[in-house]
Amino acid sequence: MDSVIEEIKQRLDIVDVISSYIKLEKAGANYRALCPFHSEKKPSFFVSPARQIWHCFGACNEGGDIFKFVMKIEGVEFGDALRILAKRAGVELKPRDPVLQTARKRLYDICEIAAKFFEKQLSSSKKGSEVKEYLYKRGIKDESIYEWRLGYAPDVKDALSKFLKSRGFKEEEIIKAGLAVRKDGEGIYDRFRSRIIFPIFDLNSQVIGFGGRIFGKENEVAKYMNIPNTLLYDKSKVLYGLNKSKMFIRQEDNCVLVEGYIDAIMSYQAGAKNVVAVSGTALTPFHLRILKRYTNNLTTSFDMDIAGNSATKRGIDLAQKEEFNIRIVIMPKGLDPADIILQHPEDWENLVKSARSIMEFYFESAFSSHDASTAEGKKEISNILIPVIANIPNKIEQSHWIGELSKKLGVPEKSIEEEINRQAQKIEKENSLQEETFASSSEKGLEYESKSRKEKIEQRIFLIIFTFPEFLENIKDSYKKLFSLKGRTLCDNLIKEKDEFLKEPEKLKVASDVKDFFDYLWLKKEIGQEILRDKKESERELKELLNELKKMSLRDELESISQEIKKLEGEGNKNEVQKLVQKFNELSQELLKLQQYG
């Protein structure tokens, strides 16, 4: 297994892997970006091509290698990350490798086989031919049917379930994949029946779920249906088509948001490939965090209810708060993108290009719907626009729109600002709740996060030594007593390879059990995370830090002796108590000297 992992690491460059998910910019010998794992305005996420590691020096403090990154960003176990990266590296894995035999792997297999089943029904059955005729009429071409892997679920109670069971899958696995439902006394039946199937993919184009549009029974059941959330699929975290469009979004520095599967397919087919669909849900914080990896610019074709509190409007407000630049495509009444592209593909391109900024759209809509010359009209307009202006995080932009509203309504800016402040307090409460919800569902933790003052001091000492390797001499007589196990191991390594360390410290080969620790500290030093003073000041600081560790060590020893004295007093062992008291007094004097003269 270790050899496979190393082969994958040798074939893949961490910068290439991470840049396929987020935008990286050069920062000296390294790369940096806004961290994809927490919300931030200033880049604190760094990638080291030399050390093949990444680390966030911001709030989340996450870090690791390419495997840790893929596990974190895809939300998968190690076995799944191994499979994803092996495929990318062109490394063949043994099919029976036990690391890969996870519940997620089984679900991936079920989804892939189900997708092939649906594709076969579309291409080879009589009813599938009728479905294809319908898709042709909607404007979807054969190449798009093939590329997006569209399928058909026959109008049979358990056609898919029987097929999957014949391939060795258990009923419970099929249910957990969201493809079947159990009915008391009647066994399981297929979730999708008589539906056009749209497979849903993760960022690596693996099938993780399905959506289905009814065919032939339009008036009997819901038009669209998705599988429920599973171990692989969560509609609040998945954007349909992003696996295909992510590179185009980055190239165009803009993402076009549509509502339906067919809208996304038709837009992509027509050449506007920087498109994703939200597929029956509003924009969520998770969606926005994902999109932020590729662009800060969103163009939406959603039907906006400016005066309401719809889920769509809440999603747009959330995007505005996250400082996305948002534009609105003004759609002809009663048409969706798929309809427009079917009739005149060039019209869709023109509509996207002529999209209005979100604030222009809000202003035009509000003033066209209400009479600004009446008190009632002014009130209605302000009720629509003031919450929107209050939601603008940039104060200069906010000030501009306060001025515009003041002019158009003929009221003082001060009055509007007072209402803005009132709304801002309300928004702040709502946003804090949303952030708490998001944070509670995000994994936290870091292997080398400094959790104690002692660890922080120890790491600072290493940063000084990495900057001035000759200071290694200053600690060689005390580190074994003062440092943690990991710190002692690293110091042993530095002293053993002293000549190499003094010559080229960044290229030092360290033991495998402290390599990650060394790489993390070196990257921290390399990007200047903690600015060091000149050599003389650093030597003075090093002495102070070592003295602080000595004090901490003495306090710990005194506490231990104190506990032992209490124990022996209870046992009536006076001789041992006297010896320990003497030792306690000696150490107390030593501590007192350190505190006085440090």
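In this predicted model, a residue counts as buried when its relative accessible area is under 20%, as exposed when that area is over 50%, and as partly exposed in between.

View 1. With a relative accessible area of 17%, N61 is buried.

**View 2. The packing of helix α5 against helix α6.** Helix α5 (residues 103-124) and helix α6 (residues 126-137) pack with their axes 5 Å apart and at an angle of about 85°, which makes α5 roughly perpendicular to α6. On the side of α5 the contact is made by Q121, L122 and S124, and on the side of α6 by K126, G128, S129, V131, K132 and L135. By residue class, the contact of α5 with α6 divides into 3 nonpolar, 4 polar and 2 charged residues.

View 3. The whole structure holds 31 aromatic pairs. W148 and Y240 form one that is tilted, with 5.4 Å from centre to centre and 35° between the planes. The pair links distant parts of the chain, 92 residues apart, since W148 is in the loop between α7 (142-147) and β6 (151-153) whereas Y240 is in the loop between β11 (224-226) and α10 (242-252). W148 counts as buried at 1% relative accessibility, and Y240 counts as buried at 2%. The ring of W148 also has the charged end of K244 sitting over it, 5.5 Å from the ring centre.

View 4. The rings of F462 and F483 form an edge-to-face pair, with 5.7 Å from centre to centre and 65° between the planes. F462 is in helix α20 (residues 453-467), and F483, 21 residues apart from it, is in the loop between α21 (479-482) and α22 (485-496), so that the pair links distant parts of the chain. F462 is buried, with a relative accessible area of 0%, and F483 counts as buried at 2% relative accessibility. Ring pairs link F462 and F483 into a cluster with F466, Y479, F501, F517, F518 and W522.

**View 5. The charged end of K246 over the ring of Y21.** Here the charged end of K246 sits over the ring of Y21, at 5.7 Å from the centre of that ring.

**View 6. The surroundings of R149.** R149 is placed in the loop between α7 and β6, and at 15% relative accessibility this residue counts as buried. When residues up to four places away in sequence are not counted, R149 touches E112, A115, K116, E119, S144, I197, P199, F201 and V207. R149 and V207 are 58 residues apart in sequence, and their C-alpha atoms are 9.8 Å apart in space.

How values were computed. Residues numbered from 1 in each chain as written. Predicted model: local features only at pLDDT ≥ 70, side-chain atom pairs only at ≥ 80, totals over all residues. Heavy atoms only, no water. Buried < 20%, exposed > 50% of the residue type's maximum accessible area, 1.4 Å probe, protein only. Axes fitted to C-alpha atoms, helices over the stretch in contact; angles between N-to-C directions. Helix = DSSP H or I, 4+ residues; strand = E, 2+ residues; numbered from the N terminus. Parallel < 35°, antiparallel > 145°, perpendicular 65-115°, else oblique. Contact = heavy atoms within 4.5 Å. Nonpolar A, V, L, I, M, F, W, Y, C, P; charged D, E, K, R; others polar. Phe/Tyr/Trp six-rings, centres within 6.5 Å; stacked < 30°, edge-to-face > 60°. Lys NZ or Arg CZ within 6 Å of the ring centre and 35° of its normal.
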